[in-house]
Amino acid sequence: MIPGPFFYRVKTICNPAAMQRQAQRWKREGERVALVPTMGALHAGHVSLIPRARKAAGVNGIVVVSIYVNPTQFNVAKDLRSYPRPLAADKKLCYAEGVDVVFAPKSLYENDASTTINETVVSLGMEGESRQGHFRGVGTVVVKLFNLVLPTSAIFGEKDWQQASLIRRVTRDLNLPTRIIIGPTVREADGLACSSRNVFLNKSERQQAAALWQAIGLARAAVHNGNLRGLKRRLIHSIEQQPAAKVDYVEFFDEKMMRPVKPMKGARMALAVFIGKTRLIDNARL
Ligand code: AMP
């Protein structure tokens, strides 16, 4: 018999209770489970995390990719509504990358849910300040995903450094038995970090979006040369030379505690920039 297309589909679990029952079976059987949490619209950045998950789980372990556009981390309703959701293509990609299970719940919250994760140090500045409530949503959904998938490891991207730091903290502070692994940022040829939001950029905006990575390059050069006077102002000025660009923030901070520091070698720089209506973020160590 020639196998039909069903044969080639990645196992997909949509029901949270069924996911947890499966995870409990894996636990009883002593399986190693590595989770890659995503909001879907998968791109090369997400895909780069899958081999790291495979390495953590081992050849016989289980790699789970979760795909869930988490409503509680969006502070702008339109942003949530318009977030891309190409689930069929995502599942195909997961199959091709050797993922064992896609966890794609429709909803993860009770209507009257009243419990959240509230981290109070690393989540205050930058994204936490610009997007009120964002990290409460992120922390809460990650703990929920961990409780449903029971992963031995979970893989996150450096692209969202502050988010990864928050998750490390929450995992440590709440004694969650999951090892957190962080994979490097994957970039397009001109340095723009891969992001699900890049599809919203028109051709001209897409070209202008390279300004984020260029600003990181300028900051690295300035630190190297000791030319630090007015650096933040100069970076903002150079980014906003692009007609569609409006800087939300440029920050230098210590990469563990997220406290603001002077630009220097070893510090990290993060920035958020609107290119037209699309808000992009990036960061790197200087
Ligand atoms: P998201 O779907 O945007 O919530 O991202 C899911 C995971 O993929 C997060 O851990 C992100 O940090 C990570 N990620 C997103 N973009 C990239 C990228 N360009 N390179 C590496 N990891 C990324």
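Helix 6 is followed by Leu150, whose phi is positive, near 50°. Helices (H or I, at least four residues) and strands (E, at least two) are DSSP runs, numbered from the N terminus. The model is predicted: local features need pLDDT of at least 70, side-chain atom pairs count only at pLDDT 80 or more, and totals for chains, interfaces and linings use all residues. Residues are numbered from 1 along each chain as its sequence is written, and side-chain values use heavy atoms, with hydrogens and water left out.

Helix 6 covers residues 134–149, and its 16 residues should span 22 Å at 1.5 Å a residue. The expected span is 1.5 Å times one less than the number of residues. The end C-alpha atoms are 22 Å apart, which agrees. Of the 16 residues, 13 are buried, so helix 6 is largely enclosed by the rest of the structure. Buried means under 20% relative accessible area (1.4 Å probe, protein chains only).

The ligand is surrounded by 17 residues, each with a heavy atom within 4 Å of it. The closest are His46, Gly157, Asp160, Val186 and Cys194. Strand 2 (33–38), helix 2 (44–57) and strand 5 (153–157) each supply at least two residues of this shell. Helix 2 gives the largest share, three residues.

Polar contacts are pairs of N or O atoms within 3.5 Å. A polar side-chain atom of Asp160 lies 2.6 Å from a ligand oxygen atom. A backbone N or O atom of Gly157 lies 2.9 Å from an oxygen atom of the ligand. For Val186, a backbone N or O atom lies 2.9 Å from a ligand nitrogen atom.

Terms used:
Polar contact = N/O pair within 3.5 Å; in protein donor to acceptor, adjacent residues only side chain to side chain. Buried < 20%, exposed > 50% of the residue type's maximum accessible area, 1.4 Å probe, protein only.
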